[in-house]
Structures are given as structure tokens and as C-alpha cells.
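Let's take a friendly look at this one together, one question at a time.

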Amino acid sequence: PSPQDPIALEKIPPYAPAWLLAPYADTAALIEAALANGSLIVGRFNDRLLGAAILQRGEQHWRLSHLCVRKITRRRGVGKHIIENSQRLAGEAEKTLHLAAPLDQLEAQALAARTHLPLDPL
């Protein structure tokens with residue numbers, strides 16, 4: 001990440017529902033943990049961070065969680081691009097990709113249905 005990326009990243013999660021931050025205490029903790037363990041992936045356009053997610057590379061399968069796109073750029077394919085690239089990377093590693101989210105969240109269920117990805121509990 002560039003020195004400006006943490007500032008840009010902080011602009012993404014404030015638009016996320018509160019349940020999306022769990023189990024992290026706040027946005028800063030989520031970003032810090034994802035940067036520290038190398039699981040953060042982002043969507044860029046014209047060198048601007050528009051979306052981010054956590055991609056956990058497991059032994060059996062990979063899990064994509066905490067997907068969030070800046071409100072102003074939603075419905076423009078940023079989230080879809082992050083998911084497709086995650087699927088490609090998982091496929092290259094001969095793994096399947098699962099979405100990870102609370103099972104009771106309708107938004108997560110709808111995203112799993114649209115993307116045809118299994119939904120794992122978060």
C-alpha cells in the first residue's frame with residue numbers, strides 16, 4: 001500500500017452497515033488487522049481506492065469477507081470486480097472461493113445468490 005492508502009481506506013467502511021465491521025472494534029482495527037496479515041484486497045480506479053475486502057487464503061478454500069464499496073461508486077462494478085479477481089486468484093491456487101458473512105444478513109445472502117458463491121458464517 002502507498003502512504004496515502006490508509007487515509008483512502010478509512011473513507012470506505014463508514015458507509016458499511018455496523019454488522020460488517022464485526023469482529024473488529026472499529027474501522028481502524030479492521031484496516032490495521034488486514035494490512036498486518038496481508039489479507040486486504042482493494043478495488044482501484046484511476047489510482048483511487050473505491051472498495052476493499054478481506055481475502056483469507058485457507059487450506060480447504062478461500063474466504064472473502066468485509067466487502068465494502070464507497071457509497072458514491074456503488075452499482076458501478078467495483079464489488080463485482082473484487083469478487084471476480086478473488087475468484088480468479090483462488091482458482092489459480094486451485095481453491096474455491098466462499099463469501100463469509102453473518103448468515104442472518106439478507107444483503108450477504110443476496111450477494112451469495114447473485115455470485116453463486118457458498119456463504120460461510122462469519
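Q: Which residue lies over the face of Trp62, and at what distance from the ring centre?
A: This is a predicted model, where local features need pLDDT of at least 70, side-chain atom pairs count only at pLDDT 80 or more, and totals for chains, interfaces and linings use all residues. Residues are numbered from 1 along each chain as its sequence is written, and side-chain values use heavy atoms, with hydrogens and water left out. A charge counts as over a ring if NZ of Lys or CZ of Arg is within 6 Å of the ring centre and within 35 degrees of the ring normal. Over the face of Trp62 you'll find Arg57, and its distance from the ring centre is 5.3 Å.

Q: What pattern does the chain follow along the sequence?
A: Helices (H or I, at least four residues) and strands (E, at least two) are DSSP runs, numbered from the N terminus. The chain has four helices and five strands. Read in order, they go α-α-β-β-β-α-β-α-β.

Q: Which residues of H3 are buried?
A: Buried means under 20% relative accessible area, exposed over 50%, and partly exposed in between (1.4 Å probe, protein chains only). H3 covers residues 78-92, and Lys80 and Glu92 are exposed on its other side. The buried ones are Val78, Gly79, Ile82, Ile83, Ser86 and Ala90.

Q: Within what arc do the buried residues of H3 fall?
A: The arc is taken from the directions from the helix axis to the C-beta atoms. The buried residues line one face of H3, because down its axis they fall within an arc of 135°.

Terms used: The expected span of a helix is 1.5 Å times one less than its number of residues.
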